[in-house]
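This report describes the pockets of one protein model and the residues that line them.

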Amino acid sequence: MNLAEKLISAHLVDGEMRPGEEIGLRVDQALIQDATGTMVMLELEALGLDRARTEVAAQYVDHNLLQSDERNMADHLFLRSACRRYGIWYSPPGNGVSHPTHMQHFGVPGRTLAGADSHTCAAGSLGMLAIGVGGLEVAMAMAGQPLYVTMPRIWGIRLAGALPDWVSAKDVILELLRRHGVSGGVHKIVEYHGPALGTLSAMDRHVIANMGAELGATTSVFPSDGRVLEFLEAQGRADDHTELTADPDAGYDLRDELDLSALEPLIARPGSPGNVVPVRQVAGEPVHQVVVGSSANPGLRDFTVVAEILRGRQVHPQVSLEINPTSRQILADLTKSGAVTALLEAGARIHQTGCLGCIGMGQAPAVGRNSLRTFPRNFPGRSGTHDDSVWLCSPETAAAAALTGAITDPRELGLDRPEIREPRTASLITAPLQRPLPVEEARRVELVKAGSIGTLPELDPLPDSLTLPVVLKVGDDVSTDEIMPAGARALPYRSNIAALADFAFGQIDETYPERARAAGPHAVVGGRNYGQGSSREHAAIVPRHLGLRVVIAKSFARIHWQNLANFGVLALEFADEAGYDRFGQGDELRLDGLRKAVETGGEITAGGVVLRHRLSARQRAMVLAGGWIPQVRNAEPG
């Protein structure tokens, strides 16, 4: 067996391991971040949960960090009270980005992790089966329910050679995105193997596994070997290590090979993580902002290499260099090593630990000015600037641009490659983590709800017939950032669906909320890979609140497709993609016999176009009920 199959079989509680079949997995750990966490806690309340039943459940405050008014801290007080009530670890603001911080404190090879964040797959770097899903699925996992996914194909990628000077782990995943695009990993688990694994540290692997989300993959998996043991020893958790590898003769559904020694510095042009070209091809483009940090380059070496390139030098006068440390531990180690001083002397700005610019919480770039970022995503407007120009690159390429004021191949700097030596033992800062309360004490905790904390919307069952106007028609690769933006304007309303609705589809069509309210029940038509990107279930809840009942697309991204079902929105696909051209914005569609078609898996016809769905029996039941929570509430006792 390959490693992914071993991990799945060890946790399989429902279904069979055949690609395309729905399977249920036992969940060992749960991860929540604050942008999704307020809804998760409201969902736990609605489910009547007594206490989280996973081995570990952890809530991280890493996204919503700008305290521009009272709503930000109100959310944090609510989250802390819910963690105390439901037996969840609470990581407060400043502790760090969820994914590297979870690795440091809780990552254990062989465990399953369900996370309300699409980059949860980063934990595959430790030999975990880590899957990003919607918040409601994490809530259900914490309530003891299996996590249901479509059994993916296993894509084995053999790594050979060694990375050349000035090339790093970010260039590995950018090369895969260059080859395969943002939907190349859909319905696949990417499993890395081969002789080059020993050259990649656990945090190098984190960079690669993290951006498996950008490939559309269900998750990514690395073996748990000596490099993972090395990481756990540095965290004082060597006892948590277990060696986990694929069998020597393991087979894969798909195969690929990557010679690391043949790679060169790469960069993703604005608009998509899949728009990748060699840095040398776009060298000379002027740069006005460089941002280093995020879960896509979170390791100590990712910051240290920038500090060493800049040591004794000055940032170009036109460049604003922003440094976002990814955890309290990493900031402490950077300080001890002198890297922080080197960065400050070079002219960098040091910000608090957190996601910040990655989710559009500050650091918004100027219109028409290039911003280079060591981030995972550059979807239009995600930065907080509607007309942004964000490029994705490695720390080495980011540092080169900071020095020169233009996109520069770091090999052309004429410098020796910095030698990075990381400490054998990391700064073990555990005090800010707040552990779960004992059961009896937890039961006495009241949830702290300010007036800004909203409620879950009421969801009615799917009618048998619907007449729906097409309120919006969009193209391929529409992201959840475009469906439901985050950023400094919208993020403080994450627990208030009615207020958040004003931002729906704002990056694509600012008139959508007004037109949707006027239309009532309506449909949206999309192209391929509809709903790629973030796991945010708000991209399903908010349009549903505005009347969305059906989305018709050429194909759907995995997490958003499940989120639509979770909240009772029927996701239909064109039997023939040519049908997409038959529907226009403003058309009216008549859908009859919906309930029977959903129950039986039958075809649905609208305007002479044949439509189908891929829902499992479990998903059909929740769509018919209007969503998963109404289905649970209406279930017979026992």
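The lining of the largest pocket divides into 18 nonpolar, eight polar and 13 charged residues (nonpolar: Ala, Val, Leu, Ile, Met, Phe, Trp, Tyr, Cys and Pro; charged: Asp, Glu, Lys and Arg; polar: the others, Gly among them). The model is predicted, so local features need pLDDT of at least 70 and side-chain atom pairs count only at pLDDT 80 or more, while totals for chains, interfaces and linings use all residues. Residues are numbered from 1 along each chain as its sequence is written, and side-chain values use heavy atoms, without hydrogens and water.

A pocket is an open set of points on a 1 Å grid over the protein atoms alone, where a 1.4 Å probe fits, with protein on both sides within 12 Å along at least five of seven lines; lining residues have an atom within 4 Å of a point. Grid points are joined across faces, edges and corners, and a volume is the space filled by probe spheres set on the points.

| Pocket | Volume | Nearest the centre |
|---|---|---|
| Largest | about 1,000 Å³ | Ser201, Arg227, Arg301, Ile420, Glu422 |

In the largest pocket, helix 7 (202-210), helix 8 (226-234), helix 10 (300-310) and helix 11 (328-337) each supply at least two lining residues; helix 8 gives the largest share, five residues. Helices are DSSP runs (H or I, at least four residues), numbered from the N terminus.

The second largest pocket has a lining of nine nonpolar, eight polar and six charged residues.
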